[in-house]
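Q: Please take a close look at one part of this model for me. Start with the term I need, then go step by step and tie that part to the rest of the chain.

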Amino acid sequence: RKNSYLEEDTSKKSEVISCIFSLKEEVGALAKALRLFEDKGINLTHIESRPSRMNKEEYEFIISVDPSCSQALDEVIDCLGTQISGHVHELSRNKQKDT
């Protein structure tokens, strides 16, 4: 199954790829996650955080990257789910319901 992202046209850039992931609130959790992006050479163009509405022990991070990084982003998302105690929320305007 391929990962999917929310793609937006903005006034500043022609395309943006965004995804949301959540991490348990613990020392070094964000640093570990950001290291995955660094290891794959992905430049984050935007990052913001907020407390998770679904789990009070987690924070959600919304990130945007250059669209040329989409293949490397797939690898990072897989690592977030397997190597770090986080959950990835895939975004797409035309995501189909799983059957």
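A: A strand here is a DSSP run of E with at least two residues, and strands are numbered from the N terminus. Val16 lies in a strand of this kind, β2. Keep in mind that the model is predicted.

Strand β2 covers residues 16–24. Val16 has a relative accessible area of 11%. Buried means under 20%, so Val16 is buried. Now look along the sequence. Val16 and Asp66 are 50 residues apart there. In space, their C-alpha atoms are 5.9 Å apart.

Glu25 sits in the loop between β2 and α1. Is Glu25 buried or exposed? Its relative accessibility is 57%. The cut-off for exposed is over 50%, so Glu25 counts as exposed. Glu25 still has partners from elsewhere in the sequence. Leaving out residues up to four places away, Glu25 touches Glu57, Glu58 and Tyr59. Take Glu57 as one of them. Glu25 and Glu57 are 32 residues apart in sequence. Their C-alpha atoms are 5.8 Å apart in space.

Tyr59 takes us to another strand. Tyr59 belongs to β4, which spans residues 58–65. At a relative accessible area of 30%, Tyr59 is partly exposed. Which residues does Tyr59 contact, beyond its neighbours within four places in sequence? The list is Phe21, Ser22, Leu23, Glu25, Arg50, Pro51 and Ser52. Look at Leu23 in particular. Tyr59 and Leu23 are 36 residues apart in sequence, yet 5.5 Å apart from C-alpha to C-alpha.

Helix α1 is residues 29–39, and helix α2 is residues 70–83. The two helices pack at an angle of about 150°. Their axes are 9 Å apart. Angles over 145 degrees count as roughly antiparallel. Helices α1 and α2 are therefore roughly antiparallel to each other. Their crossing is right-handed. On the α1 side, the contact is made by Ala33, Leu36 and Phe37. On the α2 side, it is made by Leu73, Val76, Cys79, Leu80 and Gln83. What kinds of residue are these? The contact holds 7 nonpolar residues, 1 polar and no charged.

Glu75 is also found in helix α2. Glu75 counts as partly exposed, at 35% relative accessibility. The C-alpha atoms of Glu75 and Leu36 are 9.1 Å apart. Along the chain, Glu75 and Leu36 are 39 residues apart.

The chain has 2 helices and 5 strands. From the N terminus, the elements run β-β-α-β-β-α-β. Of its 99 residues, 35% count as buried, and Val16 is buried too. Take contacts between residues at least 6 apart in sequence: 64% of them join residues at least 24 apart. The accessible surface of the chain is about 6,800 Å². Carbon and sulfur atoms account for 46% of that surface.

Terms used. Residues numbered from 1 in each chain as written. Predicted model: local features only at pLDDT ≥ 70, side-chain atom pairs only at ≥ 80, totals over all residues. Heavy atoms only, no water. Axes fitted to C-alpha atoms, helices over the stretch in contact; angles between N-to-C directions. Helix = DSSP H or I, 4+ residues; strand = E, 2+ residues; numbered from the N terminus. Parallel < 35°, antiparallel > 145°, perpendicular 65-115°, else oblique. Left-handed = near helix turned anticlockwise from the far one by under 90°. Contact = heavy atoms within 4.5 Å. Nonpolar A, V, L, I, M, F, W, Y, C, P; charged D, E, K, R; others polar. Buried < 20%, exposed > 50% of the residue type's maximum accessible area, 1.4 Å probe, protein only. Areas by Shrake-Rupley, 256 points an atom, 1.4 Å probe, with all protein chains shown as cover.
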